[in-house]
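Me: I have a model open and I'd like to learn how to read it feature by feature. Can you walk me through it?

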Amino acid sequence: MKRLLFVLVALLGLLQYQLWLGVNSLPESFHLREQISMQQVSNAKLVARNQVLREEIIDLRSGTEALEERARNELGMVKKDETFFRVVGGQRQSLNGSSQ
């Protein structure tokens, strides 16, 4: 009977070792779950960014308005017979003439 009890206690100890310190242990499992959730958040951000890029591609292929807007913003292009004003930053002045 003592032998059986000793074998059962040893088996329980071995199982506890595997659970807490062995390969695929409980702490490692919790760590992997945390990494998975962080990766899912990162993937969701990338999916949203890809969707924005897809919509921009569709918009650029379908019409000239998006192309024109992009040319104006990124390349500084101006239409023919259009006047372009560039406002350079500096101190703002209020209506009564004093500076802020």
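Reply: Here is a walk through the fold, the helix packing, the salt bridges and a few loop residues. Keep in mind that this is a predicted model.

Me: Let's start with the fold. How many helices and strands does the protein chain have?

Reply: The count is three helices and zero strands. Going along the sequence, that reads as α-α-α.

Me: Is the chain compact or spread out?

Reply: Look at the radius of gyration against what a globule would give. Here the value is 33 Å, well over the 13 Å from the globule rule for 100 residues, so the chain is more spread out than a compact globule. As for burial, 4% of the 100 residues are buried.

Me: Now the helices. How do I describe two that pack together?

Reply: In general, you give the angle between the two axes and the distance between them. In this model, take H2, residues 26-62, and H3, residues 64-75: their axes are 5 Å apart and meet at about 105 degrees. Angles of 65 to 115 degrees count as roughly perpendicular, so H2 is roughly perpendicular to H3.

Me: Which residues make that contact?

Reply: From H2 you have Glu56, Asp59 and Leu60, and from H3 there are Ala66, Leu67 and Arg70. Sorted by class, the H2 contact with H3 has three nonpolar and three charged residues, with no polar ones.

Me: Charged residues make me think of salt bridges. What's the idea, and how many are there in the whole structure?

Reply: The general idea is that side chains of opposite charge can pair when their charged atoms come close. A search of the whole structure turns up two salt bridges. One joins Glu68 to Arg72, with 3.4 Å between the closest N and O atoms. These two sit four residues apart in helix H3, which means that about one helical turn separates Glu68 from Arg72.

Me: And what does the other one look like?

Reply: That one pairs Glu82 with Arg72, at 3.0 Å from N to O. It links distant parts of the chain, since Arg72 is in helix H3 and Glu82 is in the segment after H3, ten residues away.

Me: What about backbone angles? Which residues should I check for a positive phi?

Reply: Asn24 is not a glycine, yet its phi is positive at about 55 degrees. Asn24 is also in the loop between H1 and H2, and is exposed, with a relative accessible area of 63%. Asp81, again not a glycine, has a positive phi of about 60 degrees. You'll find Asp81 in the segment after H3, exposed at 78% relative accessible area.

Notes:
Residues are numbered from 1 along each chain as its sequence is written. This is a predicted model: local features need pLDDT of at least 70, side-chain atom pairs count only at pLDDT 80 or more; totals for chains, interfaces and linings use all residues. Side-chain values use heavy atoms; hydrogens and water are left out. Axes are lines fitted to C-alpha atoms, for helices over the stretch in contact, and angles run from 0 to 180 degrees between N-to-C directions. Angles under 35 degrees count as roughly parallel, over 145 as roughly antiparallel, 65 to 115 as roughly perpendicular and the rest as oblique. Contact means heavy atoms within 4.5 Å. Ala, Val, Leu, Ile, Met, Phe, Trp, Tyr, Cys and Pro count as nonpolar, Asp, Glu, Lys and Arg as charged, and the others, Gly among them, as polar. A salt bridge is a side-chain nitrogen of Lys or Arg within 4 Å of a carboxyl oxygen of Asp or Glu. The radius of gyration is taken over C-alpha atoms; the globule rule is 2.2 Å times the number of residues to the power 0.38. Buried means under 20% relative accessible area, exposed over 50%, partly exposed in between (1.4 Å probe, protein chains only).
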